[in-house]
Amino acid sequence: MEADTGMKGWMGKILRVDLSVSKVTVQQANTDDLRNFIGGRGLGAKILYNELAPATDAYSIENKLIFCTGPLTGTRAPTSGRYCVVSKSPLTGTIFDSQSGGSFGPELKFTGYDAIIVQGRSSAPVYLWINDDEVRIVDATELWGLDTHKTTDTLVRSTDSRAKVACIGPAGENLVRIAAIINDKHRAAGRGGLGAVMGSKKLKAVVVRGRRSVEIADRRRFDSAVEKSLRAIGKNPITDRSLPTLGTAALVNVTNELGMFPTKNFQEGYFEDAEGISGEKIAERILTGQIACWGCPIACGRATRADRKKGEGPEYETVWALGAQCGVSDLIAVTKANYICNELGVDTISAGSTIGCAMELHERRLLREEINFGDAQAVVDLVRKIAYRDGIGDRLAEGSYRLAERYGAPELSMSVKRLEMPAYDPRGAQGHALAYATSNRGGCHLRAYLIGPEVLGVPALIDRFKWQGKAQLVTLYQNLFATIDSLILCVFSSFALNPEHYAELLSSAVGMPFSGERLIEVGERVYNLERLINIREGFSMKDDSLPPRFLKSPLVQGGSRGRVVALGRMLSEYYRIRGWDRRGKPKPAKLRRLGLETARKTLKRN
């Protein structure tokens, strides 16, 4: 069944679901918004800017939860099997988008919608069942309390054997601020606690079954662009060999040797037992096969088995967070904790980093409970306690910043804007450090992956210790990644593809002219709009910072020893290049150029 909106690439429709009154409505997508923000992260940000009042509590009935796809989702474009969720984060208070792969995204697109806007709050647990044009809000009382695997199996049996499910586990139900939304059992829209927003609305799951196809404006040109992109991915050593062979954990030994593999809550940058949780060790001990998201030629996912239990992962960030960050090198324990995170719906990065923070708090005699670095079983047990807010898990469920602040030591939270940073010590890569500090959603490596040029040499190797010129590079990467997240494609494609690849894929799919330069401008527009939303929420230049440890305490061993982050030097240059004033606010001329003139009222109020 073909889309009937007259649009190409996009489906042209948005589904609005008001849980407070059990009402669903369909509206036409705004063509200008699609042209200027594309989809995914960009479209979600535009909707949230228009509809969310300032200072809205993330758990309040007024917060919105937006599921978005993009114009390339569900097409032959490489790595197009994705979706994202946009909302105000209960962990950070910032605008937040969380991305996920698997098969849920394309199936959502095939139902005929570019986005679902969920608003209000149900009085009892429900799930949303979208079966092409049929949309129902269904009682989920019997599902409340089930883990994500049992929820998925139950819903597939009761709806359609080919349906795809995105759901929350007990963590989301218990409003854990680091709760994830899990789709396809093992894939997570993990960061920022958006699973808790879903739980606050009493929405257990979104179930989709679609039979529409995505219309392409110029099929011959599009197919040619796809083949060109596939060839580029096939020639790149990272996307053709490293990721398919060892998965993302191929990075463990690389970053460890460079002295930037965070260890024991970022107190060190070198983990003596890193080999035990490396991609090579995963392949040797627990790997059972490769897994690819829908339409992905890279297949970086790992099918694994640990102590007779099957699952997926752990990925690089997970083996670090539940491993080195906690001083743990027991691969089986890390894998078990990863499985539990997926089943109960917990973000592995924030969970491991928060546990590591608790371990340092105990080490410094600030936390009475005995939680020690290197205790593998404690990590496994604490993940479960976090999901159920059991005992000390209730405090850890608030995330590392609130935990550390509770004990009078917020500086021991390795976070930016309250979002726990991932597995690259910023003292080892100056550009990546700046990207952490200026990320709109908080401490994140995927707002601008400077590990590419600073560590992996993609597209070319640059001096990771130099701060000069990094502001320009961070700005470019942030704009590019905002574009990719709006298309919405996997950022791993950026190892092999350039803006012209993306522009040709988009132009031929939707029948509108997009150059690489114009696409980068879309990313810049998205980034500035997100910045305006955060300013509206009270964030300022003081939040574009890093924990004091990275600015004042040099690493004492490893390949990055003696280094700290030269943030002040880079930040002022970054603001200038961005076209922002000295306080980090976009200047009127910048907003005019990006077509964001109406957003200037945000700056006047703040």
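**Salt bridges**

I started with the salt bridges and got 45 of them in this structure, which is a predicted model. I then picked out a few to follow up.

Glu530 with Arg41 was my opening pick, with the closest N and O atoms 2.8 Å apart. Glu530 sits in helix α21 and Arg41 in helix α2, so this pair ties together parts that lie 489 residues apart in sequence. I checked burial too, and both Glu530 and Arg41 are buried.

Next I took Asp97 and Arg447, whose closest N and O atoms are 2.7 Å apart. Asp97 belongs to strand β5, while Arg447 is in the loop between α17 (430-438) and α18 (451-456), so the pair links parts 350 residues apart in sequence. Asp97 has 2% relative accessibility and counts as buried; Arg447, at 1%, is buried as well.

I also noted Lys385 with Asp390, closest N and O atoms 3.5 Å apart. Here Lys385 is partly exposed at 30% relative accessible area, and Asp390 is partly exposed at 40%.

One group is a network: salt bridges link Glu107, Asp132, Asp133, Asp160, Arg209, Arg211 and Arg212.

**Sheet with β1 to β6**

I read off six strands in an open sheet, ordered β2-β1-β6-β3-β4-β5, with mixed pairing. The edges are β2 (23-28) and β5 (95-100); each has a single partner strand, so one side of each has no neighbour in the sheet. Neighbouring strands are turned by 20 degrees against each other on average, direction ignored.

β5 runs antiparallel to β4, and six bridges join the two. Val85 has Ser98 in β5 as its bridge partner. The hairpin of β4 and β5 has six residues between the strands, and I noticed that Gly93 there takes a positive phi near 80 degrees.

Further into the sheet, I looked at β3 (residues 65-68) and β6 (residues 115-119), which pair in the antiparallel sense over four bridges.

Helix α2 (residues 40-51), the one with Arg41, lies across β1 (13-18), β3, β4 (83-88), β5 and β6, and runs at about 25 degrees to β4.

Then I stopped at Asp18 in strand β1. Which side chain of opposite charge is nearest to it? I found Lys23, 7.5 Å away; Asp18 is buried yet has no salt bridge, because a salt bridge needs the nitrogen within 4 Å of a carboxyl oxygen. Leaving out residues up to four places away in sequence, Asp18 touches Lys23, Gln119, Gly120 and Ile137.

**Sheet with β7 to β12**

I traced another open sheet of six strands, in the order β8-β7-β12-β9-β10-β11, with mixed pairing. Its edge strands are β8 (134-139) and β11 (187-189), each pairing on one side only. The twist averages 20 degrees from one strand to the next.

Inside this sheet, β9 (residues 164-167) and β12 (residues 203-209) run antiparallel and are joined by four bridges. Val165 stands opposite Val207 in β12. I also logged helix α4 (residues 148-158), which lies across β7 (126-131), β9, β10 (181-183) and β12, at about 140 degrees to β9.

**Helices α21 and α23**

Back to α21, where Glu530 sits. How do the axes of α21 (residues 516-536) and α23 (residues 567-578) cross? I get roughly 115 degrees, with the axes coming within 13 Å. On the α21 side I listed Glu524, Tyr527, Asn528 and Arg531, which meet Tyr574, Tyr575 and Arg578 in α23. By class that makes three nonpolar, one polar and three charged residues.

**Two loop residues**

Arg563 lies in the loop between α22 (548-552) and α23. It is partly exposed at 34% relative accessible area. Beyond its neighbours within four places, I found Arg563 in contact with Arg427, Phe465, Ser553, Pro554 and Leu555.

My last stop was Asp273, in the loop between α9 (251-257) and α10 (279-285). With 41% relative accessibility, Asp273 is partly exposed. From Asp273 to Arg578 I have 41 Å, C-alpha to C-alpha, across 305 residues of sequence.

Key: Residues are numbered from 1 along each chain as its sequence is written. This is a predicted model: local features need pLDDT of at least 70, side-chain atom pairs count only at pLDDT 80 or more; totals for chains, interfaces and linings use all residues. Side-chain values use heavy atoms; hydrogens and water are left out. Two strands pair if DSSP finds at least two bridges between them. Axes are lines fitted to C-alpha atoms, for helices over the stretch in contact, and angles run from 0 to 180 degrees between N-to-C directions. Contact means heavy atoms within 4.5 Å. Buried means under 20% relative accessible area, exposed over 50%, partly exposed in between (1.4 Å probe, protein chains only). Lys and Arg count as positive and Asp and Glu as negative; His and the chain ends are not counted. Ala, Val, Leu, Ile, Met, Phe, Trp, Tyr, Cys and Pro count as nonpolar, Asp, Glu, Lys and Arg as charged, and the others, Gly among them, as polar.
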